[in-house]
Amino acid sequence: MERMQAEGEGDHLERPSPLTDKERVMIQDSWAKVYQNCEDVGVAILVRLFVNFPSSKQYFSQFKNIEDPEELERSAQLRKHAHRVMNALNTLVESLDNSDKVASVLKVVGKAHALRHKVEPVYFKILSGVILEVLGEEFSEVVTPEVAAAWTKLLATVYFGITAIYEEVGWTKLSTSTG
Ligand code: HEM
């Protein structure tokens with residue numbers, strides 16, 4: 001079975017330090033390149049998530065039993081979710097200097113996934129890792145180690161914000177913190 005907790009240990013949910021101005025600029029500059037290929041990149045990220053972590057498909061009625069990557073890639077439900085993820089990321093990147101806006105996006109996304117879709121929060125962490133991996137591979141000329149570090153920080157902030165919302169709405173199965 002797939003391993004979901006790459007680090008092995010439970011989560012230590014510390015709020016990452018705020019992004020510096022330099023980190024914000026690095027994220028926004030690199031995102032501009034990524035977002036030009038929004039659709040392809042979004043689909044590549046989600047296909048990789050579902051191929052490498054098949055249990056993450058359980059929440060998607062239309063492709064939970066599909067294994068073939070090419071068939072996954074054609075799924076309308078997958079493509080729609082890819083679009084939504086990329087759009088939300090775009091809003092976050094555009095709003096890095098507006099913490100209220102960032103908080104409100106995370107609240108909407110966190111609530112929908114906790115209450116409506118009942119997605120285990122660990123999948124947000126797994127998705128963050130996949131995003132970093134795909135950006136690093138497909139945009140290696142812009143995603144230097146320094147840029148990757150800035151993205152790591154942003155995605156950790158997103159994950160922290162999402163788990164805070166999960167706690168706020170009373171999510172009890174914080175599956176990563178057992179043991
Ligand atoms: C940054 C991460 C993510 C963002 C921004 C995001 C965004 C969205 C948005 C905007 C929607 C539609 C809103 C709604 O239903 O109220 C949605 C639906 C959904 N999301 Fe996510 N999502 C993310 C991660 C995930 C993850 C990790 C999973 C599960 C592995 C997931 C599973 C779902 C499911 C099952 C739906 C409903 C799909 C449907 O009805 O066709 N999402 N997501």
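Student: How many helices and strands does the protein have?
Tutor: There are 7 helices and 0 strands. Helices (H or I, at least four residues) and strands (E, at least two) are DSSP runs, numbered from the N terminus. This is a predicted model, in which local features need pLDDT of at least 70, side-chain atom pairs count only at pLDDT 80 or more, and totals for chains, interfaces and linings use all residues. Residues are numbered from 1 along each chain as its sequence is written.

Student: OK. Which residues have the most contacts inside the largest nonpolar core?
Tutor: Ile45, Leu46, Leu49, Val130, Ile131, Val158 and Ile162, in a core of 37 residues. A nonpolar core is a set of buried Ala, Val, Leu, Ile, Met, Phe, Trp, Tyr and Cys residues joined through C-beta atoms within 7 Å. Buried means 20 or more other C-beta atoms within 10 Å of the residue's own, exposed means 12 or fewer, and partly exposed is in between, with C-beta atoms placed from the backbone.

Student: Which helix gives the most to this core?
Tutor: H7, with 10 residues.

Student: What is Ile162 in contact with, leaving aside neighbours within four places in sequence?
Tutor: Leu106, Val109, Gly110, Pro121 and Phe124. Two residues are in contact if their C-beta atoms, placed from the backbone, lie within 7 Å.

Student: Back to H7. How far apart are its end C-alpha atoms?
Tutor: They are 34 Å apart, which agrees with the 34 Å that 24 residues should span at 1.5 Å a residue. The expected span is 1.5 Å times one less than the number of residues. Just after H7, Gly170 takes a positive phi of about 85°.

Student: How far is Val25 from Val147?
Tutor: They are 122 residues apart in sequence, and 9.4 Å apart in space, C-alpha to C-alpha.
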